[in-house]
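Visitor: I would like to learn how to read salt bridges in a model. Where do we start?

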Amino acid sequence: MVSELAGLGLMLLVILVAAEVFTNALEHLGEKLRISEGVTGSLFAAVGTAMPETLVPLLAIFGGTASGDVMVSEEIGVGAILGAPLMLSTLSTCLMTLFAWQKRGAQGALRPEKSGLKRDLDTFLGAFSLAALAMFVPHEQPFVRAAISAVLVLLYFLYILRTLKASAALVGEGHATQAGDAMFLARAGLPTNWLTILLQLGLGLGLLVYGADGFIQHVDRASHQLGISALLLALMVVPIATELPEKINSILWIRKRKDTLAFGNITGAMVFQGTLLPAIGIALTPWAPQKEVFAGIAITLLAAGWLRYLAGRIRVWHLLFNGVLYAVYLAIGLS
């Protein structure tokens, strides 16, 4: 167990370094493209940092597990798909606001760009509610389940188009992405151009995936030593590791008062994970309403709905409620 804890610490350090490298390059990419912070955070950062938690269910569903148990593979796949937005909407949001508390106080305002935040959350709430309803569609109706999957995919592509369409107007209103610091590769003597920006992005993303994967492996071994079930592991333990890139990126941005980037990184990832990944789960897994699964969906929707209700008037203390919701889910899952 001691070696696993040391491994967890090392992988966490890798993720911390990778997040700094990735967010630094991403700011320069957004500035170079002259796009809004909403596009940079909700699309580029969200999809990039969502790679670790995207790979887990895909590998579980398509690749199986070492034991070859199909049921275990499906449980891990479903748990990872639903656990990611649960973690983002509750614990990740709460941790981000705790770091804002240090400089702004409990009554401090959080000011992400309002229209983008609403767009992200409206899309997520609609898509995730549809994914929840799909759990009650019998497997004897495969065409209905396939149709729901297709609608979820379509929703994500419509979301991309709406986000890109809004970018030009937001840039004109002063919401353009601006890099706050020199690029790390530039500090090493290299010029800041397309090649070095893409090179640093690739380096940061590669380190993020490597660190998150290593973290997952150590969490997996430690949890098995503690006797945690595959579904509970995927719903509660794996997302803690796979969501670390989003958590750390958003913490870095919130500390720099780049609220739109910080929130967009989380809510954009929620849209990605609430549309494309459930589409795969509905089509390829049992996708049935078990207690842990349904409780996770209900709490995720409640947390996202609370954030949507607050849009445009968020105070730091408001988002402590999201942390409370995560604690409630832990109590339900472990009961």
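Guide: A salt bridge is a side-chain nitrogen of Lys or Arg within 4 Å of a carboxyl oxygen of Asp or Glu. This is a predicted model: local features need pLDDT of at least 70, side-chain atom pairs count only at pLDDT 80 or more, and totals for chains, interfaces and linings use all residues. Residues are numbered from 1 along each chain as its sequence is written, and side-chain values use heavy atoms, without hydrogens and water.

Visitor: How many salt bridges does this rule give?

Guide: Four. Side chains of opposite charge can pair when their charged atoms come close. Here, glutamate 27 pairs with lysine 258, with the closest N and O atoms 3.0 Å apart. Glutamate 27 sits in helix H1 and lysine 258 in the loop between H10 and H11, so the bridge ties together parts 231 residues apart in sequence. Helices are DSSP runs (H or I, at least four residues), numbered from the N terminus.

Visitor: Which residues are linked with Glu27 in a network of salt bridges?

Guide: Lys256 and Lys258. For glutamate 27 and lysine 256, the closest N and O atoms are 3.9 Å apart.

Visitor: Is glutamate 27 buried or exposed?

Guide: Buried means under 20% relative accessible area, exposed over 50%, partly exposed in between (1.4 Å probe, protein chains only). Glutamate 27 is buried, at 1%. Lysine 258 is buried too, at 13%. Lysine 256 is partly exposed, at 38%.

Visitor: What does arginine 104 form a salt bridge with?

Guide: Aspartate 259, with the closest N and O atoms 2.7 Å apart. Arginine 104 lies in helix H4 and aspartate 259 in helix H11, so this pair ties together parts 155 residues apart in sequence. Both residues, arginine 104 and aspartate 259, are buried.

Conventions
Helices (H or I, at least four residues) and strands (E, at least two) are DSSP runs, numbered from the N terminus.
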